[in-house]
Amino acid sequence: MNGGFEDPAIARQRRRLGLLALVAKALLLAVLLGAWWVWEPGGEPSRAAGGLPAASLDGSLGAAPAGAATSASSVATPQLPAVMATAAASVSALVLNGADAASQAAASAGTTELCGVGRIQAGTDPPHLFEHAVQAAWPRVLAALAQSPAERARAAALVLRFHERLTDAHTNSPPAWPAEDTRDALAAMALQSPDPAVLGWAWSLCRFSGAPAACQQLSVPRWIAQAPDQVQEDAALWLLLATAEPAQAARAVQGVVRATQFGPSPAMTPWVAAALPADLLPYLRLVLLLRVQGLDLSLEATEIRGLDLLTRHCRAPHLDGAGAADCRGLAETLAQRSSSVTGLAMSHLIGEVHGWSQARQDAMQVRVHALAQAARRGLSLGAEPFGCANVERAQQFFLDRAAGGEVAALSRFLAPAGPAGAAAR
């Protein structure tokens, strides 16, 4: 074994890089989760009178990059219908089986491509190409973000530094950075910023245990009351309100329906991509972006939680006329404007109790299933995950997903329609 692994800092990077497969799995799970919202193959639809059966998905979305973060409160973890959790386990097995097959194929091939380097021995991770390279590159990325004139980039640097702190604590590694809690600075920034992304990131991180006093000053309702009208028209803000204040679910439904903006969750990926040093080799760019993707997914859990709470509210029995009308509007809004597969799935769960015809429910099922198949087809890393073809495709998907949302990004992978009358497979 290479002696470099005896260095605690190198050992820490090795443990982190060992989680990359889980990051890729988390990305696929987040995309595929909504696809199995009615039944898993051979199963039966799940129904619950007066609400949705809850199932905890601890670790599914954010475990890899955030070091499992088991100290996070349950608010940061999405509670989704049990049938979706069961299906997620099936998808997890599918992804892991695919990864095993890819690993076996790479081993049998003897070598694998590392974009920008050439071919290396399969199944190896030379420290100068992985651990040492990441250790050298990551501080440069954080420094570029921290010095950016863009507030969101500086906020991303604080989030990533806190992520490093969590990872060090989880792996019992010596800290790579000073041990200060960056949530103080992030919460102070959120209190002064008109950017909902900064508020959402700060609020999510403040849900972790041991939050500093500055976190106690964060109030989503107060922030909304003080925000300009155009900011209040962002659907993501109302989903955050539902997560922070479940008792205000009815108000959040109305806010989402009237929102003029319904884009993807604010992501750190584009800011990190812009901060990557120009001299980084292509494969290493993907290694660093995979780490950020996993953290983006864990932060998106706040929005998913908000969607779940609104869905529960709208499926509750005995809604009055105005409340039922708002929920019908929410189902339409999600069906037409949601940028995530999960949002499309939730539109069906609301629509089925608020007047959607069976034909429309079936059509939404077909749409979500097609997007799930596109994810499986387009995001499979194959036997050479860091080969140039995969590096280019994965990076483009990450940027497309951050800019236009999951649905738009996956649409590039949709299979062309077959000839009329072709049998379903």
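View 1. Cys327 is buried, its relative accessible area being 0%. The model shown is predicted. Cys314, at 1% relative accessibility, is likewise classed as buried. The sulfur atoms of Cys314 and Cys327 are 2.1 Å apart and form a disulfide. Helix α13 (residues 282–315) holds Cys314 and helix α14 (residues 321–337) holds Cys327, so the bond ties together parts 13 residues apart in sequence. The torsion about the S-S bond is about -80°, so this disulfide is left-handed.

**View 2. The Cys206–Cys215 disulfide.** Cys206 is bonded to Cys215, with 1.9 Å between the sulfur atoms. A torsion of about -70° about the S-S bond makes the link of Cys206 and Cys215 left-handed. Cys206 is buried at 6% relative accessibility, and Cys215 is buried at 2%.

**View 3. The Cys115–Cys388 disulfide.** Cys115 and Cys388 are joined by a disulfide with an S to S distance of 2.1 Å. The link is right-handed, with 95° about the S-S bond. Cys115 sits in the loop between β3 (111–114) and β4 (118–121), whereas Cys388 belongs to helix α17 (residues 388–404), so the pair connects parts that are 273 residues apart in sequence. Cys115 is buried, at 7% relative accessibility, while Cys388 is partly exposed, at 31% relative accessible area.

**View 4. The disulfide pattern of the protein.** The count comes to 3 disulfides. With bonded cysteines counted along the chain, the pattern is 1-6, 2-3, 4-5.

Note on methods
Residues numbered from 1 in each chain as written. Predicted model: local features only at pLDDT ≥ 70, side-chain atom pairs only at ≥ 80, totals over all residues. Heavy atoms only, no water. Disulfide = S-S within 2.5 Å. Helix = DSSP H or I, 4+ residues; strand = E, 2+ residues; numbered from the N terminus. Buried < 20%, exposed > 50% of the residue type's maximum accessible area, 1.4 Å probe, protein only.
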